[in-house]
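Please look through the model shown here.

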Amino acid sequence: MAINYQLAKFVTSNAKAEQVAPSVRPEISFVGRSNVGKSSLMNKIFRRKDLVKVGGTPGKTRQINFFNVGDVDFVDLPGYGYAKVSKAEMDAWRPLIEGYFTQDRKYALCVLLVDIRHDASPLDVQMIEFLQANEIPFMIAFTKSDKLGTNKRRQQVASLCRQLAVAGDVVVVPCSSHSGDGVDDIRTLIEDAVAQMA
Ligand SMILES: Nc1nc2c(ncn2[C@@H]2O[C@H](COP(=O)(O)OP(=O)(O)OP(=O)(O)O)[C@@H](O)[C@H]2O)c(=O)[nH]1
Ligand SMILES: [Mg+2]
């Protein structure tokens, strides 16, 4: 099913998981470390410059932000693991993300983002375990691929798959919101996931 991204619009921000409205359409969510490029990838997928707020300062997205695109909802979740904030702020993401993923919702696909340049963090591993334990369908997007050459990119994908202990059936896509690398593949995976829910 093709998604008409021209329809993309902001719906609402929720500061608490309990405030989130019941789910009525398939949802595509974006989760990952602070500054990994979640909001940028959403804009790229939507073919919009700044519908989703992109941060110069990590920790920009601190709420659950909902966007609607016709028959599909998109969810920008707060980034985790940004150390240069207070302890209270540092852990603020946990009840939001865990609260969001343990509701009775139409989880079509979670896009878990990991920076292709860096080692995976223990929180990335925990997030994968959490998604698997809750039976949330997910894929992994290795972001900022424009920052590496072809060989290094391939090496990092292999290395990160080992670090994250991803099984063979988990789809991984190197991508870049700057060059557009991998973005069409992610759009196709989203459309397939939505079609599966019908
Ligand atoms: N080179 C490069 N930079 C990127 C890419 N995607 C995002 N960035 C940059 O990375 C920074 C963070 O991007 P965001 O999209 O705000 O990241 P986020 O994951 O939404 O961050 P939080 O909301 O803080 O969790 C910005 O300065 C972006 O311009 C990419 O594909 N390539
Ligand atoms: Mg963001």
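Predicted model: local features only at pLDDT ≥ 70, side-chain atom pairs only at ≥ 80, totals over all residues.

Residues are numbered from 1 along each chain as its sequence is written, chains are lettered from A and ligands numbered from 1 in the order written, and side-chain values use heavy atoms, without hydrogens and water.

Two packed helices are described by the angle between their axes and the distance between the axes. Start with helix H1 (residues 38-46) and helix H6 (residues 183-197). Their axes come within 10 Å and cross at roughly 80°. H1 is therefore roughly perpendicular to H6 (65 to 115 degrees; under 35 is roughly parallel, over 145 roughly antiparallel, the rest oblique). Axes are lines fitted to C-alpha atoms, for helices over the stretch in contact, with angles from 0 to 180 degrees between N-to-C directions. Helices (H or I, at least four residues) and strands (E, at least two) are DSSP runs, numbered from the N terminus. On the H1 side, the contact (heavy atoms within 4.5 Å) uses Leu41, Lys44 and Ile45. H6 brings Val183, Ile186, Arg187 and Ile190. By class, this contact has five nonpolar, no polar and two charged residues. Ala, Val, Leu, Ile, Met, Phe, Trp, Tyr, Cys and Pro count as nonpolar, Asp, Glu, Lys and Arg as charged, and the others, Gly among them, as polar.

Strands E5 (107-115) and E6 (138-143) each supply at least two. Of the 13 lining residues, Ala108, Leu109, Pro137, Phe138 and Ala193 lie nearest the centre. The lining has 10 nonpolar, one polar and two charged residues. A pocket is an open set of points on a 1 Å grid over the protein atoms alone, where a 1.4 Å probe fits, with protein on both sides within 12 Å along at least five of seven lines; lining residues have an atom within 4 Å of a point.

Now turn to helix H3 (residues 93-101) and helix H4 (residues 122-133). Their axes come within 11 Å and cross at roughly 25°. H3 is therefore roughly parallel to H4. Trp93, Arg94, Ile97, Glu98 and Phe101 of H3 meet Leu123, Gln126, Met127, Phe130 and Leu131 of H4. That contact has seven nonpolar, one polar and two charged residues.

Finish in the loops. Lysine 144 sits between E6 and helix H5 (150-163). Its phi is positive, about 65°, although lysine 144 is not a glycine. Alanine 165 lies in the loop between H5 and strand E7 (172-174). Phi of alanine 165 is positive too, near 50°.
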